[in-house]
Amino acid sequence: MTTTATQDPRETPGAGRPAREHASSSGTAGASGAPGAALAVLPGVLASALAWTDAHRTRFALPDDVLEPHTQVNATLKPLGELAQLGSTIRRTTAPGAPEHELAGDLVAYAWEQLHEGALLLELLRAEPFAAYPYEIYAAFAGYGLRHEGFEALARPLTATRAWAHTEQHANRQLGLVNSERRVGAVTHTDAGGVLSRTWLGGLSEPWMFEGPSGYALTHTVFHLTDWGRMPDRVPGKIDGYLRTWLPAWADGCLESGQWDLTGELLAVAASLPGPAPAELLDAVWPVLADVQHPTGCVPETGVPVQDPAPDPYPFIDCYHSTLVTAFAAALSLRSLRQRDERTDETTPGRERHTP
C-alpha cells in the first residue's frame, strides 16, 4: 500500500471540480492513471460510501404492507436485498476487525431483521410459489450463513418442479438463479456453462455493440458466475481476455456519458477477474469516480454531480444503488490490488516482504 492510501478522496488534486472536467483534465480509462492512484482513493471511497449507507439504513426498512399485492417490490424488497448482497460481499472481502468489515456485517444483520430472520420471505414464497425473487433474496443471506429452516423446507419441492426448471427469463437472470441454488445448497436446475454461452458476454459479442442494457447484463453475468467476486477462477480464459481488452473502452464511454452506476459495476467486474488486477484501468477510473462521490459519501446513478453541500443532495432512490455498488467495487478493487502487491512481494527476487 502506498503512503497515501488513507488519504480522503476529496483531498486529491482536482477534488470538488465537476466530474467531467476532472475526467478530461486528468485522463479517463483510455489513458493510464498514475501508478497507485486507485489505492490512494479507495479506502476513503469505501469508508464514505458505507458511512452514507449506514446513516440512511432506515430508508431500506420495509413498510408494514410489504406483503400486500399493491406493494412495489422494486422500491421495497429489491433495495433491501441489494443491501444484503453487497453488504455480505464487502464483509467477506474486508479484513476482520476493520471498521468497514464490522459495519458491513451490521448492515446485513439489519436487513435480516427486516425480514424477520427469513419468516417474511417464507410468507412471500407461500404467496408467490412461481416467483424466483424471494428465493434469490434468501440466497444472499444463505450464502452468508443466515438460514431459515421453514423457507428451505418449502423451497426444496418448489425448485424441483418442471415449472421452476422452465421459467422463461434472460440468460443472465437464469445464471443468477443457478448461483442462488448453489448458495442455498440445492441441486442446480440446469448447467451454468450452457447458460453462460447464451449470454451477451458468453457469446463474446462485438464490443462496439455495448450499451446500457448489455452493459448491465454483462456485469451481472460476471457477478453470478463468480458469486459476486468471491470466485474469480470461474471466469473462463476467453472471457477473461475479452474483458481485459474491452473494459477500458467501455468504462471510458460510461465516464464520458456520466453513467456512474454502470462505471462502478464495470470496476467491480475488473476486480473480479482471475489473475493479476488490471491496475492501469483501476488507476485511471477510480480517481474520477472518487471526484463524483459527494462529501456525504453518496454517488449519483447518472448525470452531472451536484455541488450542493446539503446532507441529501439526491433523492434516495437515485443514489442508493450506485452508492452500494461503489462500496462493493471499492472493496473488491482493494482486495484485487493488495493481492497483486502480495504476489509481487513473494515473486520479486531479493525483495524482502514487510508485514505491517
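Tutor: Asp240 is buried, with a relative accessible area of 14%; buried means under 20%, exposed means over 50% and partly exposed lies in between, using a 1.4 Å probe and protein chains only. Keep in mind that this is a predicted model, in which local features need pLDDT of at least 70, side-chain atom pairs count only at pLDDT 80 or more, and totals for chains, interfaces and linings use all residues. Residues are numbered from 1 along each chain as its sequence is written, and side-chain values use heavy atoms, with hydrogens and water left out.

Where does Asp240 lie? Asp240 belongs to helix 12, which covers residues 237-256. Helices here are DSSP runs of H or I with at least four residues, strands are runs of E with at least two, and numbering starts at the N terminus. Within that setting, the side chain of Asp240 makes a polar contact of 2.9 Å with the side chain of Arg244. A polar contact is a pair of N or O atoms within 3.5 Å; within protein, one must be able to donate a hydrogen and the other to accept it, and residues adjacent in sequence count only if both atoms are side-chain atoms. Beyond four places in sequence, Asp240 is in contact with Val235, Leu273 and Pro274, where contact means heavy atoms within 4.5 Å.

Now let's step back to the whole chain. The protein is built with 15 helices and zero strands, and 54% of its 356 residues count as buried. Taking contacts between residues at least 6 apart in sequence, 73% of them join residues at least 24 apart.

In soluble globular proteins, nonpolar side chains tend to be buried together. In this model, the largest nonpolar core has 103 residues, and those with the most contacts inside it are Leu77, Leu115, Leu243, Leu247, Leu266 and Trp286. Such a core is a set of buried Ala, Val, Leu, Ile, Met, Phe, Trp, Tyr and Cys residues joined through side-chain atoms within 4.5 Å. Helix 15 gives the most to this core, with eleven residues. Leu243 and Leu247, both named above for their contacts inside the core, fall within the 237-256 range of helix 12.

Leaving out residues up to four places away in sequence, Leu77 touches Leu62, Val66, Leu115, Leu120, Leu124, Tyr133 and Ile137. Thr76 counts as buried because its relative accessibility is 12%. Apart from neighbours within four places in sequence, Thr76 is in contact with Leu62, Pro63, Val66 and Thr71. Thr76 and Pro63 sit 13 residues apart in sequence, with 7.5 Å between their C-alpha atoms.

Not counting residues up to four places away in sequence, His56 touches Asp312 and Phe316. His56 and Tyr320 are 264 residues apart in sequence, yet 8.9 Å apart in space, C-alpha to C-alpha.
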